[in-house]
Amino acid sequence: MKARIAVLAGDGIGPEVTNEAVALLQRAGDLYGHHFEFETAAIGGAAIDATGDPLPTATRAVVQRADAVLLGAVGGPKWGTGAVRPEQGLLGLRALLGTYANVRPVTVLPALAELSPVRADRVRGTDLLFVRELTGGAYFGAKSREQGTRDQGVVATDAMVYSEAEIARVVRLAAGFARERSGQLTSVDKANVLETSRLWREVTTRVVRDEYPDITLEHVLVDSFAMLLIQRPTAYDVVVTENLFGDILTDEAAVLTGSIGLLPSASLGVAADGAVRGLYEPIHGSAPDIAGQGKANPAGAMLSAALLLRHSLGLERVASAVESAVFGVLNAGARTADLCSEGAVSTSEFGRLVRERLA
Ligand SMILES: NC(=O)c1ccc[n+]([C@@H]2O[C@H](COP(=O)([O-])OP(=O)(O)OC[C@H]3O[C@@H](n4cnc5c(N)ncnc54)[C@H](O)[C@@H]3O)[C@@H](O)[C@H]2O)c1
């Protein structure tokens, strides 16, 4: 197949890890007979420096004509907290693509279980897929700040709002993944307290009963799930939850793996015509403390490329081969600096080992 991929490397270690992801996609294309065309564009701080805009018009055009978008990371101390910030580029990009679900696989490799802050015997075998609703809930509801009574002082509000349609579309995506994996879906909410969570539970139950009767659905309260994730992470497979809970739980889950540099993500939206819009990026930030030193772990970016192959291009076999190559190199003992105290391989050396293994 032919596919056009927009490459937005961004700031800090973004360009270093994205280079390795692009080189891996190129190699995968050559090996499996696919032609990938890469178009690069500026985003974040780099785009502010070049144009004053974190998501310039030229970048929007590149994104809109692409089949999928690969992103590095944005931000850094250079751009501070002024009115125009690198992170606005990322938010603008998500809005442009209409991505409403964030998908994060969390896999603990046997060879890396000892690096987890949680006991190795508890985390070994963890293989989770989080699906977080991305455009609703408290982050996007009406906000206000007003003077209360004299006793109260200032009163602030963030409205948590969800519609049936918003819940149903993200649950359908998660249920589809559950069907392809173990057939087990866990929905996390706070239905004992929140009205949005009661609606979440009703809609989730109905969608699964009517459209995915072959999968098993379990509801868990978010406070309980935060504990269970540490106590027995291997008991879960696909987990779907709303925006705020997902933000917190996915960071908690990321810690289980031993390094933030290992984890990929996909932000997905399914358009009215059924086309998948996808933005793929490692979960880490621009890591200014190690930028330009060849110390960054490119695994998260490379595994994000695998998600791109799977979700935007439908190339499951190639995606699995890429994942096996990354995991294989880690299981064989190659370690970037975030995973060991001595004998580390550089970012580009790790990338080369993965490409060799794929071949
Ligand atoms: N999606 C994004 O682009 C994104 C996400 C988070 C933070 N940020 C931005 O990144 C900047 C730095 O944020 P931060 O320091 O809180 O988070 P960070 O993820 O950049 O770094 C946290 C720590 O993890 C390390 N680290 C991160 N990725 C690594 C990798 N691939 N290999 C090895 N070590 C890695 C860093 O060296 C640092 O010690 C900020 O400007 C923040 O706004 C961007």
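## Cores, domains and ligand site of a predicted model

The largest nonpolar core contains 69 residues, and L185, L309 and F350 have the most contacts inside it. A nonpolar core is a set of buried Ala, Val, Leu, Ile, Met, Phe, Trp, Tyr and Cys residues joined through side-chain atoms within 4.5 Å, where buried means under 20% relative accessible area (1.4 Å probe, protein chains only). At least three residues of this core come from each of domain 1 (1-105 + 259-359) and domain 2 (135-255); the domain bounds come from an automatic or database domain assignment. A second, separate core has 20 residues, among them V108, L128, L229 and L256.

This is a predicted model, in which local features need pLDDT of at least 70, side-chain atom pairs count only at pLDDT 80 or more, and totals for chains, interfaces and linings use all residues. Residues are numbered from 1 along each chain as its sequence is written, and side-chain values use heavy atoms, with hydrogens and water left out.

Leaving aside neighbours within four places in sequence, F350 is in contact (heavy atoms within 4.5 Å) with P298, A299, M302, V329, L330, A334, T336 and V345.

The C-alpha centres of domain 1 and domain 2 are 26 Å apart. Ten residues from domain 1 and eight residues from domain 2 take part in the contact.

The ligand is surrounded by 20 residues (a heavy atom within 4 Å), and the closest are V74, E87, G285, A287 and N297.

| Residue | Ligand atom | Distance |
|---|---|---|
| E87 | oxygen | 2.7 Å |
| H284 | nitrogen | 3.3 Å |
| D289 | oxygen | 2.9 Å |

Definitions and conventions
Polar contact = N/O pair within 3.5 Å; in protein donor to acceptor, adjacent residues only side chain to side chain. Buried < 20%, exposed > 50% of the residue type's maximum accessible area, 1.4 Å probe, protein only.
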